Amino acid sequence: MANDDIDRANDFALKIGTVNGTGSASANAMLMQAIFRMGVPVSGKNLFPSNIQGLPTWYEIRVNKHGHLARTPDFDIMVAMNAETYQRDIEEVVSGGYVIYDSTRPLDPDILRDDVTFLGIPFADMCVENFKGARVRILMKNIAYVGALAAFLELDVDLIREMLAEKFAAKQKLIDSNMQAISLGYDYARENFECPLPVHMEPMDATSDSVILTGNTAAALGCVYAGATVGAWYPITPATSIMDAFKEFCGRFRKDPETGKNLYCIVQAEDELAAIGMVIGASWCGARAFTNTSGPGLSLMSEFLGLAYYAEVPAVVFDVQRTGPSTGMPTRTQQGDLFTVIYASHGDTKHIALFPADPEECFYFAVSAFDIAERFQTPVFVVSDLDIGMNDWMVPRLEWDEGYTPDRGKVLTAEDLEAVEEFHRYEDVDGDAIPYRTLPGVHPKGAYFTRGAGHDKYGGYTEDAEAYKEVVDRIARKIESAAAAVPEPEVRMAIDAPFGLVTIGACRGAALEALEQLEADGIEISYMRVRGFPFHPSVAQFINDHEITFVVEQNRDGQLLKLLTVETWAGKDKMTSVKYYGGLPLSAHHVVQGVTEALEKAGRLPAGKA
Amino acid sequence: MSYITKPEVRHPALEENALGLTRRDYEGAMSTLCAGCGHDSVTAAIVQAFFELEIPPHRAAKMSGIGCSSKTPAYFMNESHGFNGVHGRMPAIATGANAANRDLVYLGISGDGDSLSIGLGQLCHAIRRNVNMLYVLENNGVYGLTKGQFSASADVGSVSKRGEVNRHGPINPVPLALTLGATFVARSFSGDKKQLVPILKAGLTHKGFAMVDVISPCVTFNDHEGSTKSYAHTRTHNFEVVQTDFVPLMTEITAEQDRGDTTAVTMHDGSTVMFRRVAEDYDPTDREAALSYLRASQAKGEVATGLLYLEESGADMHACENTVDRPLVDVPFGDLCPGSAALEELQKEWR
């Protein structure tokens, strides 16, 4: 039995095992929303198979009053609704935890544990008794476990009723049937078990300034707010929902008031080769254009990205990383595209990239990406991952600065062109390594020939060594100078800490939680999260200022560490890799374990911690 | 090959169009292709077509991929933006450009290597989307820049300069385009400017994707006996099935319209394309009939030329996407950004 002495209110994790395609997603979303509306910090991680119907799927919810919302593998409660995965689901519960299962059929005695409490509720029987039709019964079984959890966790049932009323609006019948299912689970739990459990909910006020959204939704909204008009893409998990959301937002915000016609154009391309080509074409013409993709698509885009780099055409690419290589595990997360993004294409190429940590940054970085792409006339990547992109995150409410004006970069107008004697596309007129650009159709004097072939600063074809070098050297300077334009690193300095930790993207939550745990053990570590490439000069300084810097990332080869080695003057021997790359979101324990092991190896673990 | 720049002098008697421009104003840099290349004749026909249509050069965009033909946009219309992209992927760039600015005149120049191998998918999808552009496929059956390999349009039995015999069946862009639902399909010969210019003019005026397959012999690698894309072979086997005349808007259509063997098709902008059938049973407004005629003539070894199919009522990409009539690049930011109040409202749904 669980230890009743410890107050486990608002600090627990639960996992729900179901079969995909049975409608459990909406039940799980409802559960998370109810917790959120009770004012308690919460996160949800959807672990789904690359399949449409019939395979096991899980949803993990972490409730944490301190706001630690990274994934945790320690589940206090397992809602086991899929007989196929009973065994492993039961194994995953912490000692002293609870397993809620469908007792319509008895559990195999071989998989029972005596250190967890089994709470059997006859969900299937109850639903067969109360609802008609196989589909409805399956759906309602999911709602019924939400009802049972409401009793066990002391969730506010009135809140659930309110949410159902919002969701189904005028469809009273649906509200009634869903509420009936909630009551079935709720009443059974209350009548047969002691409720609430020691792990339960208590109302707080820690979410009133927050919203729940996915990174892909936020990125799409950023595109709308940045004024992007052309989106070209090819469907790929986990990037697809960016364009889905963009389309939905455009349907709402981008109709011409007079004609009802679209103030946007979305093209579902034949493949990623075409998608990036369309973005380049549209940007070349002066539109803000973007594509969304993941690793395999990025590989296909590689050739065109080199063209955009060399011909200096803006483009915005959202790379929502998934587990590679090759097809890999398309529904699992990773940070394995760092090299591909930074060095995409043949020859000397290097790209500007932004690394959001959560949906909030996805929104703001999406807007910045268009500004930077047009300012520097080059592709800019917003590199997120499946965890950020597709999971529900609680983030501070987004804000929009009405004073924002898009930075369209150095584009000459018809009046500008009228005034100049001659226009040369790739000349460094201002000495900032950024040339002036013209758009087709504006003025005869603005015409030039855009090409991926060798060209001189006048835009003319060349095979001359010096003329070629002059252009590529300027481009190198241009990209380097973008270090000042990308978001600065996020830093939390621990006073006199001998150690540092550098991380990236979605590792943020787990890293910060781990640092708190390590600090409690007397291990002080300063924190830095890089948010853009080229790296800010402070990154190398941070690494060199610490005896050991742990580089925390989610890929096998330590791509961030290698980039830091090659692309900054930080000492390679100063850095130690802490990696997790199994496809699940990073947890604090991965970081604690990695750091502890490394310290032990270096003989730097405080006494008593070895 | 020549690197000589063209002199800026202009003959005082040069004919001007309504914009006050001469043909010289539609020309570009000196061609660097081999002397006698069919592509240079196509370039000359393009210059003529734009001049006669009185299109301001800066309102046109020249798009191309990689290969000999794709180099030619540098050789005409200096005052147009040009984009020489990557191999086979000009259609994607053109599609994106068109999505952003629908008001420009888009001219795509490609070849059989560029269009029928890596570019085949993009060509098909540009047709499928009916992107409003003229797509000129300069077809010589051979890879010139890499020195004489067969392309996907080389006929079975065609002999290369090195004596190899091609065993693989050709991909023929004309029936392909017809099958895919292209709304404007033509074939011409670079050596027949009289036929080519009106076709190009009609293609530029057509609202939608206009594909013109131009047999354009490669003098260096594919102009020998045994080639089916040589000048001699094309001249002997060329059979013009329909004669095309393009009558611009505002020009009075003569009594010729009433002749029994002539069909007039009104273009989107009000100008007219006049067809005069040469082959008795050829109907350029009937897709099925055109296809079966072309299949039969191909079997006989004939190269059927002319504006082979025209349908002016098809919806182009923007019509399908219901995009605003003005170019998206002209929509002010204020009309695109929903603002802070909308953001606040929207976020109520995320609680």
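In strand β4 (residues 56-64) of chain A, residue A:Arg62 has A:Ser43 standing opposite, and A:Ala13 also stands opposite A:Arg62 in this strand. This is a predicted model, in which local features need pLDDT of at least 70, side-chain atom pairs count only at pLDDT 80 or more, and totals for chains, interfaces and linings use all residues. Residues are numbered from 1 along each chain as its sequence is written, while chains are lettered from A and ligands numbered from 1 in the order in which they are written.

**Strand β4 of chain A and its partners**

- Strand β3 (residues 42-47) of chain A runs antiparallel to β4(A) and is joined to it by six bridges, where strands are DSSP runs (E, at least two residues), helices are runs of H or I with at least four residues, and both are numbered from the N terminus.
- Strand β2 (residues 11-19) of chain A also pairs with β4(A) in the antiparallel sense, over nine bridges; two strands pair if DSSP finds at least two bridges between them.
- Seven of the nine residues of β4(A) are buried, which leaves the strand mostly covered; a residue is buried if 20 or more other C-beta atoms lie within 10 Å of its own, exposed if 12 or fewer, and partly exposed in between, with C-beta atoms placed from the backbone.

**A sheet with strands from both chains**

- Nine strands form an open sheet with mixed pairing, in the order β17(A)-β2(B)-β1(B)-β3(B)-β4(B)-β8(B)-β7(B)-β13(B)-β9(B).
- At the edges stand β17 (449-451) of chain A and β9 (238-240) of chain B, each with a single partner strand, so one side of each is left without a neighbour in the sheet.
- From one strand to the next, the twist averages 20 degrees, with angles running from 0 to 180 degrees between N-to-C directions and axes being lines fitted to C-alpha atoms, for helices over the stretch in contact.

**Two helices of chain A**

- The axes of helix α7 (residues 215-226) and helix α8 (residues 240-253) of chain A come within 8 Å and cross at roughly 45 degrees.
- That makes α7(A) oblique to α8(A), since angles under 35 degrees count as roughly parallel, over 145 as roughly antiparallel, 65 to 115 as roughly perpendicular and the rest as oblique.

**A buried residue in chain A**

- A:Val551 is found in strand β22 (residues 548-553) of chain A, and it counts as buried because it has 26 C-beta neighbours inside 10 Å.
- Leaving aside neighbours within four places in sequence, A:Val551 is in contact with several residues, among them A:Val502, A:Leu560 and A:Met575.

Terms used:
Contact = placed C-beta atoms within 7 Å.
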